[in-house]
Amino acid sequence: MPIRILPDEVASQIAAGEVVERPASVVKELIENALDAGARQIRIRVQGAGQGLIEVTDDGHGIPADELPLAVMRHATSKLSGAEDLFAIRTLGFRGEALASIASVSRLTLTSRPAAAEVGARLQVDGGRVGAVEPVGAPVGTQVRVEDLFYNVPARRKFLKQPATERRQIDGLVTRYALAYPQVRWQLEMEGRTVLHTSGNGKRREVLAALYGPDIARQMLEVLAGEADLRLSGFISPTSLTRSNRQGITFFVNGRPVQDAALVRALLQAYHTLLMVGRYPLAVLFLEMPPEAVDVNVHPAKAEVRFRDRDRVFRAVQRGVRRALLAYTPVPDLDDRPSPAWQPASPGWGDPANEAAAPAAPPTESDAPPPPPSQPPLPGKVPLLRLLGQAGGTYLVAEGPDGLYLIDQHAAHERVLFERLMAQAAADIPSQRLLEPVSVTLSAADAALLEPQLEVLTRFGFEVEPFGPHTYRIRAVPTLLSHLPPADALRVLLEDFEEDETPLQQEMEARIIARVCKRAAVKAGQVLSPAEQEQLLRDLEACQSPRTCPHGRPTMIHLSVDLLERQFGRKGAR
Ligand code: ADP
Ligand code: MG
């Protein structure tokens with residue numbers, strides 16, 4: 001076949017495939033347009049799981065009648081004028097292809113009226129064929145109706161999931177935007193039922209309740225960290241609240257939801273050893289940075305971004321989340337009522353001014369105002385404890401300023417050993433010489449990654465020397481990785497370099513944990529001398545994360561003074 005230029009319609013459909021993958025992608029683009037138009041109210045109606053109808057109505061600045069045909073043309077946008085603007089994008093849209101793409105795979109009706117216009121105007125596009133602009137009566141703002149999505153692209157229809165799944169995608173998407181833009185009044189109606197309705201009063205915790213339900217929303221911990229030009233805010237779940245997958249994790253960068261494996265990894269690292277293996281936290285985190293610090297033009301659906309200083313962003317997330325966690329990680333309380341420190345303060349929920357005064361979310365920043373003295377924040381560290389004795393050869397019983405503590409001696413000892421071994425391992429990694437050196441030939445990319453690190457490798461117990469183009473000879477490997485073929489061991493390290501983690505950290509921790517559990521820690525049922533009990537208690541107090549064992553199980557249970565008083569019927573007697 002000779003080379004030919006594709007007909008416009010075909011080219012549009014191909015391009016549409018990148019932007020409009022499923023009904024939720026249409027909702028996303030239309031919502032972003034409404035937000036870019038400065039809408040204070042956004043109403044979304046969905047029928048037939050989005051295949052029948054998606055209608056988004058806003059009260060934004062509208063589109064002048066004579067510009068309607070342009071709005072549905074590819075590469076037509078009001079948000080970008082020159083290439084230089086690409087590096088400082090402040091709007092959610094900029095590619096000028098969403099409406100054109102959607103219109104090429106559906107029947108689209110665009111109705112709009114700017115505030116200055118007497119009447120509105122309407123334009124219909126049917127599978128890419130643009131009709132004529134007609135005047136209509138319409139309120140100020142814009143309404144986009146998308147009917148019969150993918151009616152002319154049967155292949156795309158086949159890839160759609162069950163209606164329930166598509167609906168869940170839409171629901172999740174809208175709710176997340178509602179959380180990112182709490183000052184907008186959102187209404188989502190699906191198959192005739194209102195599934196989300198927010199007040200637009202700017203309070204994120206209220207929207208959080210719509211996303212996770214009131215119980216979970218109440219437990220979520222607030223994160224507030226970062227410097228002036230890199231701010232992290234949002235909510236994370238306490239270690240007691242987890243999921244078996246990562247679906248509950250969302251990141252927004254400058255108001256835009258992004259998928260970024262490195263951000264998720266930073267979050268998970270912050271939870272490291274605080275969660276059981278295979279469990280994941282819930283998180284909705286917002287990163288704000290100057291637009292020049294992030295390139296948003298790397299993905300047609302704008303779902304991926306590139307950070308100018310990736311390490312800095314990564315560290316900010318990890319530190320911010322870790323700090324919030326350590327500040328909040330409570331000792332499990334036998335008290336069945338929600339802890340007062342987590343109860344929502346009724347009126348001023350989520351509003352920063354109120355948040356500082358209300359105990360709903362104790363501030364995580366050290367410079368934030370302290371909570372009222374009547375309700376002290378949950379201590380991060382364990383308080384100094386006075387040993388009372390050992391029970392059942394299994395638990396230490398201790399007294400603190402705020403009640404009794406039962407400490408699982410095995411879990412506690414695991415934590416102590418774990419932190420000690422980690423500290424040692426970081427200083428000195430044992431190495432194992434191979435009987436026969438092994439040569440390994442890497443890809444050009446991997447070799448480029450490895451070459452500057454050859455020196456560093458010795459510090460991690462490797463002995464590796466260049467041995468021809470992209471080829472290296474391995475003479476020794478770290479003992480921690482000696483169970484792997486030497487070439488694979490080298491790749492483990494390469495991956496670590498690639499992901500910018502402290503090399504071998506993950507493997508080291510995993511192996512150490514395994515070892516600690518198997519052998520070293522004192523067992524339940526093992527009688528300890530008073531001196532040993534005392535030592536264990538002091539060692540635990542000195543730990544960085546004394547409240548959980550390395551597997552995420554609690555090391556202690558707290559019987560608060562309040563609980564004891566209520567149990568003994570002393571409370572309220574006076
Ligand atoms: P982009 O958002 O990348 O500019 P779109 O194809 O999504 O591209 O939209 C094209 C143009 O149509 C926008 O630049 C904007 O001027 C206009 N537009 C689209 N939706 C709206 C809306 N809801 N309110 C006001 N203007 C809109
Ligand atoms: Mg757009």
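**Exercise 1. The ligand site**

Which side chain has an N or O atom 3.3 Å from a nitrogen atom of ligand 1? Find it in this predicted model, then describe other residues around the ligand.

Solution. 
- Step 1. The side chain belongs to Thr-142, and its N or O atom is 3.3 Å from a nitrogen atom of ligand 1.
- Step 2. Turn to the backbone: a polar backbone atom of Ala-98 is 3.2 Å from an oxygen atom of ligand 1. For Leu-99, a backbone N or O atom lies 2.9 Å from an oxygen atom of the ligand.
- Step 3. List the surroundings. There are 20 residues around ligand 1, and those that come nearest are Asp-58, Thr-77, Ser-78, Lys-79 and Gly-96.

**Exercise 2. Strand E11 and its partners**

Determine which strands pair with E11, in what sense, and how far E11 is covered.

Solution. 
- Step 1. Locate E11 at residues 230–236. Of its 7 residues, 6 are buried, so the strand is mostly covered.
- Step 2. Take the pairing with E10, residues 221–227: the two strands are antiparallel and share 7 bridges. The link between E10 and E11 is a hairpin of 2 residues. Within this pair, Phe-235 of E11 faces Glu-222.
- Step 3. Take the pairing with E14, residues 283–288: E11 and E14 also run antiparallel, joined by 6 bridges. Here Ser-233 has Phe-286 of E14 as its bridge partner.

**Exercise 3. Cysteines**

How many disulfides does a search of the whole structure find? Then classify Cys-543 and Cys-549 as buried or exposed.

Solution. 
- Step 1. The search of the whole structure finds 0 disulfides.
- Step 2. The cut-off for buried is under 20% relative accessible area.
- Step 3. Cys-543 has a relative accessible area of 3% and is therefore buried.
- Step 4. The value for Cys-549 is 0%, so this residue is buried as well.

Conventions
Residues numbered from 1 in each chain as written. Chains lettered and ligands numbered in written order. Predicted model: local features only at pLDDT ≥ 70, side-chain atom pairs only at ≥ 80, totals over all residues. Heavy atoms only, no water. Disulfide = S-S within 2.5 Å. Buried < 20%, exposed > 50% of the residue type's maximum accessible area, 1.4 Å probe, protein only. Helix = DSSP H or I, 4+ residues; strand = E, 2+ residues; numbered from the N terminus. Pairing = 2+ DSSP bridges. Near = heavy atom within 4 Å. Polar contact = N/O pair within 3.5 Å; in protein donor to acceptor, adjacent residues only side chain to side chain.
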